[in-house]
Amino acid sequence: MAGTGPIAQDWEPVVLRKKAPTAAAKKDERAVNAARRSGAEIETLKKSNAGTNKAASSSTTLNTRKLDDENENLTHERVSSELKKNIMQARLDKKLTQAQLAQLINEKPQVIQEYESGKAIPNQQIITKLERVLGTKLRSRK
């Protein structure tokens, strides 16, 4: 290494992977006090509805008032009494149990039980399968 001159060493500390202070650390009371002592500007903002569980606009709008005033009972359409009687009568004419009929249309026995008790929500595909297997028209014309 002749002719390259004296080698100088840098003794400054090197910090690797130092993370920037997080927002929470910046808002820490000690950090704020230190900034005040050093004379730095501190900006404070009051957020509206901060720390509350209220919506930004707590007043009811026209649309929500209409919905609140609505008195219509919203429920799902159920199987009509005429349809459930037709299904039951056609099944008994064919001498089938609910389980056998369900197997013929590839549905669960519970589906047939719900249709015959009137608890089911009408599904046109299932009604069509029932009409095909039972060989009769179950739906009345409107």
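Predicted model: local features only at pLDDT ≥ 70, side-chain atom pairs only at ≥ 80, totals over all residues.
**Entry 1: helix α4.** I began with α4, which covers residues 81-93 and so numbers 13 residues by its record of length. I looked up its reach from the first C-alpha to the last and found 18 Å, close to the 18 Å expected at 1.5 Å a residue.

Entry 2: Which residues of α4 are buried? I noted L83, I87, A90 and R91. Viewed down the axis of α4, these buried residues fall within an arc of 100°, so they line one face of the helix. I recalled that an α-helix has 3.6 residues a turn, so residues three or four places apart point the same way. On the face turned away from the buried side, I found the exposed residues K85 and D93.

**Entry 3: the surroundings of α4.** I then asked what the buried residues of α4 pack against. The partners are α5 (98-104), α6 (109-117) and α7. Just after α4, I recorded a positive phi of about 60° at K95.

**Entry 4: E131 in α7.** I turned to α7, which spans residues 124-134 and contains E131. Is E131 buried or exposed? Its relative accessible area is 13%, and because the cut-off for buried is under 20%, E131 counts as buried. Leaving aside residues up to four places away in sequence, I listed T136, K137, L138 and R139 as the residues that E131 touches.

**Entry 5: helix α2.** Last, I looked up how many of the 10 residues of α2 (residues 29-38) are buried. The number is 0, so α2 lies largely in the open. Just after α2, I recorded a positive phi of about 90° at G39.

How values were computed:
Residues numbered from 1 in each chain as written. Heavy atoms only, no water. Helix = DSSP H or I, 4+ residues; strand = E, 2+ residues; numbered from the N terminus. Buried < 20%, exposed > 50% of the residue type's maximum accessible area, 1.4 Å probe, protein only. Contact = heavy atoms within 4.5 Å. Expected span 1.5 Å × (residues − 1). Arc of directions from axis to C-beta.
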